[in-house]
Amino acid sequence: MSWLDNPQPPIIWSVAGTDSGGGAGLSADIRTAAAFGVHLCPVVAAVTAQNSRGVEAVFPLPRHQLLAQMQALAVDLWPSVIKTGLLGSVDAVHAICEVLDELRRDRPVALVVDPVLGASAGGPASIFANASLLRAYREQLLPRAQLITPNRREAELLLGLASHALSRPLMAERLKELGAETICITGGDDAGPQYDLALDYLNSPQASGHLALPRLRQGHHHGSGCSFATAAAAAMARGFVSADAVVLAKMATWVAVREGHAAGAGAGPVRALANFVFEPAAMPVMSFDGEQLDAGTLARWAQVLNAPAQDALDWGLYAITERPQRAAELAAAGIKQLQLRIKPATSENTQAELRAAVAEAQTAVADHLGCQLWINDHWRLALEEPGAGLHLGQEDWAALATDERKLLLNVGIKLGISSHSLWELARARGLNPHYIACGPIWPTTTKDMPWRPQGLGNLGWWVHMAGRPVVAIGGLLEAEQVEACAAKGAAAACLVRALDRPDSSLEQFRAAWQSGRKAKAAEIQEPRASLEFAK
C-alpha cells in the first residue's frame with residue numbers, strides 16, 4: 001500500500017508559527033506532511049507578520065491559548081510524533097513540556113525539535129530568541145527530544161559559541177551532552193567549496209556521519225528548515241529510526257528546494273512533492289562514523305552523485321560457499337558470481353590454510369570465462385589474488401583503519417558492500433562499490449541480525465535508488481523466490497544453503513531467474529522500515 005493510500009495515516013502535531021507569506025512555518029509543515037501521507041495537526045505557537053523579504057513582527061500566543069489547542073487534540077488526535085518550530089516564548093516551551101509529559105504517561109510520543117531562533121530572510125523581527133528562551137531549550141526541550149535539527153548558527157546559539165568556533169561533529173557531541181538523542185546539524189546554508197555539495201552532519205544511536213547531495217543554487221529556499229524537520233518527524237511517525245528518518249528528510253527537502261518557486265520579490269517557498277522518494281537523484285551518500293571528509297572522499301561523492309543512470313545488469317545466480325572445492329564445482333556448473341566465505345583464522349584454521357583456500361578457489365574460478373570470485377572479509381588475502389573481488393559487511397568496513405580504507409579504494413579492487421537500511425544504503429553508495437547487497441529479503445538463520453526482512457518491496461526500491469547493481473540476499477531457498485528477485489530487477493540472487501539441499505536443482509533456479517527476468521516490471525513501492533523505531 002502506498003503511503004498516500006493509507007485510510008488511517010499516522011498523526012503528528014506541529015507546534016510552530018504561522019507565516020503570513022505562506023512560505024515557512026506551519027504552511028511548509030502541512031505541505032511536507034502531505035508528501036509523506038501523514039496527517040499533521042497545526043498548533044499555532046506564534047503569529048508572524050512577514051513576506052518573502054523578511055519578518056516584520058512576531059506575536060507569541062499566550063500560554064493558555066497554546067495549551068487549549070494541544071489539550072483539545074489530546075482528546076481526539078493522539079500524535080505519534082510532536083515537532084516544534086518557531087515557539088517565540090519561554091511559556092510555549094513550558095506548555096509543550098507539560099503536555100508532552102502528560103501524553104508520555106500513557107504511551108510513547110517522540111519529539112522533534114527544530115530550534116527556529118531566527119529568520120534567514122532578515123527583517124526587523126528576524127531574531128526569535130533571547131537568553132531565557134535559549135536556556136529553556138537547553139534545559140527543557142533538548143533533554144526530551146529524540147531528534148533536533150539546527151543549522152550551524154542555531155547550534156552555535158544553543159551552545160553559546162562564537163561563529164565557526166567548533167566543527168559540526170564536535171557541536172553535535174556537545175548538543176548530545178545536553179540530552180538530545182539524535183542531532184542533525186543541517187548545512188544547506190553553510191556554503192563552501194566542498195565540490196558543490198550540501199552537507200548535513202548526523203549523530204544518532206544508529207550511525208554518525210556526513211550526508212551529502214549536490215548543492216542547489218536556485219534562490220527559492222524559504223521554509224527548507226521547517227520542511228526538513230517535519231519530513232523527519234513524518235518518517236519517524238511511519239516507523240523509521242532517526243538515522244533513516246534523516247535520510248528521508250534529506251531527500252524530501254532536496255527535491256522541495258529544487259522545486260521552489262517565486263511568490264514575491266524575495267526568496268520563494270520550497271515545494272514538497274510526494275514522488276521525492278522515487279527520485280534516484282535525491283538519494284544521498286553518507287560517510288562512516290569518524291570518517292574525515294578529505295578531498296578524495298568529496299571527489300568520489302561528487303562522482304557518485306553526478307553519475308548517469310546505469311543499465312540494469314543481469315548476473316543471475318550468486319552462490320556463497322565456505323569450501324574452495326565447492327566453489328570449483330559451482331564455477332564448472334556455470335555459476336558466474338561466487339563468494340568464498342570462510343571463518344577467521346583460529347587454531348583449527350590457520351592463516352596459511354586460509355591463504356591456500358583463497359588461492360585454490362581463485363585458481364578454480366579463473367579457469368571459467370566470465371566467472372568472478374568474491375572473498376568475504378579477508379581483504380589482505382583478496383589483494384594477493386589478481387582478479388578476485390572483495391565483499392565486506394559495513395561493520396567490517398567500519399573496523400578498518402583509515403589507511404586501510406584508502407588502500408582498498410585506491411588499488412581498484414572490485415568491492416561489494418552489504419546494506420540493511422536507508423542510512424546503510426547511503427553509506428554504501430558513498431564507497432562507489434561494484435555492487436550493493438540488499439538483505440535479508442526473507443528471514444534467515446545464517447546470521448543473527450536485528451533487521452526485519454526487507455521483502456520484495458524494499459528490494460525493488462533499492463534497485464531503483466541505489467545507482468549500483470543490487471544483489472538480493474537472505475532467506476532465498478526456493479526457485480519462486482529467485483524468480484521474484486529477478487522480476488524486481490536485482491542484478492543477482494544470492495544462494496547460500498539452497499544449492500546444498502538434496503532436493504535443490506541448479507537448472508530449476510536458473511529457469512526461475514530467466515522467468516523472472518521476462519516478467520513485467522512491478523510498480524515501485526515506498527520503502528518500509530527495517531528497524532523498529534522505539535519512541
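Helices and strands here are DSSP runs, numbered from the N terminus. With that naming in hand, welcome to this predicted model. Let us start with the whole chain and then move to its parts.

**The chain as a whole**

The chain holds 18 helices and 18 strands. Its radius of gyration is 25 Å, close to the 24 Å that the globule rule gives for 535 residues, so the chain is as compact as a globular protein of that length. Along its principal axes, the C-alpha trace spans about 75 × 50 × 45 Å. Of the 535 residues, 55% are buried. Among contacts with a separation of 6 or more, 69% link residues 24 or more positions apart.

Strands β11 (residues 316-321) and β18 (residues 492-495) run parallel and are joined by four bridges. To see one of these places, find A319, whose bridge partner in β18 is L495.

**The nonpolar cores**

Which residues have the most contacts inside the largest nonpolar core? They are F36 and L248, in a core of 112 residues. Helix α8 (residues 242-258) gives the largest share of this core, with ten residues. Leaving aside neighbours within four places in sequence, F36 is in contact with W3, L4, A231, A234, A235, R238, L248, A252 and F276. There is also a second, separate core of 43 residues, which includes M70, A136, L159 and A172.

**The cysteines**

How many disulfides does a search of the whole structure find? The search finds zero. A disulfide is a covalent bond between the sulfur atoms of two cysteines, and the cut-off used here is 2.5 Å between those atoms. For C371, the closest cysteine sulfur is in C494, 14 Å away, and therefore too far for a bond. C371 counts as buried because its relative accessibility is 14%. The sulfur of C438 has its closest cysteine sulfur in C485, at 8.9 Å, which is also too far for a bond. C438 is buried too, with a relative accessible area of 0%.

Terms used
Residues numbered from 1 in each chain as written. Predicted model: local features only at pLDDT ≥ 70, side-chain atom pairs only at ≥ 80, totals over all residues. Heavy atoms only, no water. Buried < 20%, exposed > 50% of the residue type's maximum accessible area, 1.4 Å probe, protein only. Pairing = 2+ DSSP bridges. Helix = DSSP H or I, 4+ residues; strand = E, 2+ residues; numbered from the N terminus. Core = buried A, V, L, I, M, F, W, Y, C linked by side-chain atoms within 4.5 Å. Contact = heavy atoms within 4.5 Å. Rg over C-alpha atoms; globule rule 2.2 N^0.38 Å.
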